[in-house]
Amino acid sequence: MSAQLTVVAPMALEAAAVRRHLDARVLRCGVGPERAARLRADLVSADGPVAVAGFAGATRDDVRCGDVVVATEVRGPDGTRSLPGAAVLAKALRLRGLSVHLAPVASSPEVVKGARRAALGAEGVAAVDMESSWLHPGDDRPFAVLRVALDTPGREVVSPQTLPGALRAYGTLARAVPALAEWAAATGKRRVLLAGPRSFCAGVERAIEIVEQALAKHGPPVYVRKQIVHNVHVVSDLAARGAVFVDELDEVPEGALVVFSAHGVSPQVREQAVQRGLRVIDATCPLVSKVHAEARRFAAAGKTIFLIGHAGHEEVEGTTGHAPQAIRLIERPEDIAGVEVDDPDKVAFLTQTTLSVDEAYSIAGALRERYPALTGPSSDDICYATQNRQDAVKAVARASDAVLVVGSRNSSNSCRLVEVVQGEGTPAYLIDDEADIDPLWLIGAHTLGVTAGASAPESLVQRVVDALAGLGPIEVAEHTTTTESIRFNLPKEVR
Ligand code: SF4
């Protein structure tokens, strides 16, 4: 897919480490901007990805001798160049067990020490070199900078510890450079198909807005029982703004304000909140509340309820609490035979809202075969957003060589998107963000599908697209199967 990789190493020792451990065109440029600028003409006239590999001076205390720095941008006297594909190289390095910092690298025409070094570190720069900025071969070419820290703020380049430090840095460089081959193999021209709809649903938007409004109206801390939605970025962002996430209500001080997550709670949790004198704002998705109401209705009619869902999921725990005597959990068709029912003519089923549509229908079908009197909910419990995202990604999977699903591991609907893609015979990978992309997944993926679970922000999709653009020219196309306009009202406490 990609043309030959060229690796530039400034010094002989660095070039030797690269040649020994990597099958690539290796050029030695020498130390300093003039030599680097002279070699750049060679790079511009050739094709293919270019990487700079060698040692550098660390500028921050958290970067130790022997750590790897992968540049997210290169800052030089002539300006800053962004390197959005850096996260993919960093992933390959981390998979090799290396300690990796994904951060800006500064290029300086002279050796940087003391106060200047500290100032760069304070600006977020992780390492400083004397060549990278002058080696960039042009905007359309994938370019990576991989530097191993040799000297550090506490250990200047000429010191008694330089030799052991150099040996450690050489060893790391030797271990690191094979990752450049994986990065280079992932580069090239590609088409990116964005599934639509993707990302936030109405229930997730409402839940996040409830916490934001609660913070704005009441100020921090605002306690939230469980993750407000299942996404690490959403949770860490709200935590940084003053939300305090707890597993159970006994962690919330008496009288404090607490928000119930979008997945819903059982009546027992509500009762506990009353007993503790907590002020409650309920962010349960209205579509989950609908399932709770159905569970109570079926139980009141004396029916045994088969709840199709996943054990341990918060939504399932919450729903079960609304009819604990009546509900029997069914995770897979094999579970049906083992369930005892009082009256086979008085049975009903409900489903978790975020299941695989096909799987839920197949289990419901198996239940109906065994219990012909089975009744179901008045309308599908699998919510519109789950259905729409699965339909959209199925269409994208059929046209793609692989699909990236943005979402967290504990996000049920994101995991189901992965399964739906795999069901189409297309490889699918669940990623929290671009830093999770293994370059090996992209090799041969000329058309790459991208979607996001209902709890994953659209901004993460954009970050993934930017990272892919850093690996070569991309053509981005929206593949929309339907559009959504559903909005849920906020509860009165935050209106
Ligand atoms: S996925 Fe569906 S049920 Fe879950 S929060 Fe979104 S709209 Fe509500």
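Visitor: Which domains does the domain assignment of the protein chain give?

Guide: The model is predicted. Its domain assignment divides the protein chain by residue ranges, namely domain 1 (6–185), domain 2 (202–285) and domain 3 (287–370).

Visitor: How many residue pairs are in polar contact between domain 2 and domain 3?

Guide: The C-alpha centres of domain 2 and domain 3 lie 27 Å apart, and the contact takes 13 residues from domain 2 and twelve residues from domain 3. Together these domains bury about 890 Å², with 55% of that area on carbon and sulfur atoms. Salt bridges between domain 2 and domain 3 number zero. For residue pairs in polar contact, both at pLDDT 80 or more, the count is six.

Visitor: Which residues does Trp183 contact, leaving aside neighbours within four places in sequence?

Guide: Trp183 is one of the residues that touch the most other members of the largest nonpolar core. Its contacts beyond four places in sequence are Leu5, Pro49, Val50, Ala51, Gly85, Leu89, Pro142, Phe143, Ala144, Pro439 and Leu471.

Visitor: Is His322 buried or exposed?

Guide: His322 lies in the loop between α11 (314–320) and β15 (327–330). Not counting residues up to four places away in sequence, His322 touches Val265, Ser266, Pro267, His292, Ala295 and Arg296. Its relative accessible area is 13%, and the cut-off for burial is under 20%. His322 is therefore buried.

Visitor: How many residues apart in sequence are the parts that Glu248 and Lys226 tie together?

Guide: The side chains of Glu248 and Lys226 form a salt bridge, at 3.3 Å from N to O. Glu248 lies in the loop between β11 (243–246) and β12 (257–260), and Lys226 in the loop between β10 (222–225) and α8 (232–240), so the parts tied together by this pair are 22 residues apart in sequence.

Visitor: In the salt bridge of Arg64 with Asp67, which residue is buried?

Guide: The closest N and O atoms of Arg64 and Asp67 are 3.7 Å apart. Arg64 has 52% relative accessibility and counts as exposed. At 4% relative accessibility, the buried residue is Asp67.

Technical notes: Residues are numbered from 1 along each chain as its sequence is written. This is a predicted model: local features need pLDDT of at least 70, side-chain atom pairs count only at pLDDT 80 or more; totals for chains, interfaces and linings use all residues. Side-chain values use heavy atoms; hydrogens and water are left out. Helices (H or I, at least four residues) and strands (E, at least two) are DSSP runs, numbered from the N terminus. Buried means under 20% relative accessible area, exposed over 50%, partly exposed in between (1.4 Å probe, protein chains only). Contact means heavy atoms within 4.5 Å. A nonpolar core is a set of buried Ala, Val, Leu, Ile, Met, Phe, Trp, Tyr and Cys residues joined through side-chain atoms within 4.5 Å. Domain bounds come from an automatic or database domain assignment. Buried area is the accessible area (1.4 Å probe) that two parts lose on being put together, summed over both. A salt bridge is a side-chain nitrogen of Lys or Arg within 4 Å of a carboxyl oxygen of Asp or Glu. A polar contact is a pair of N or O atoms within 3.5 Å; within protein, one must be able to donate a hydrogen and the other to accept it, and residues adjacent in sequence count only if both atoms are side-chain atoms.
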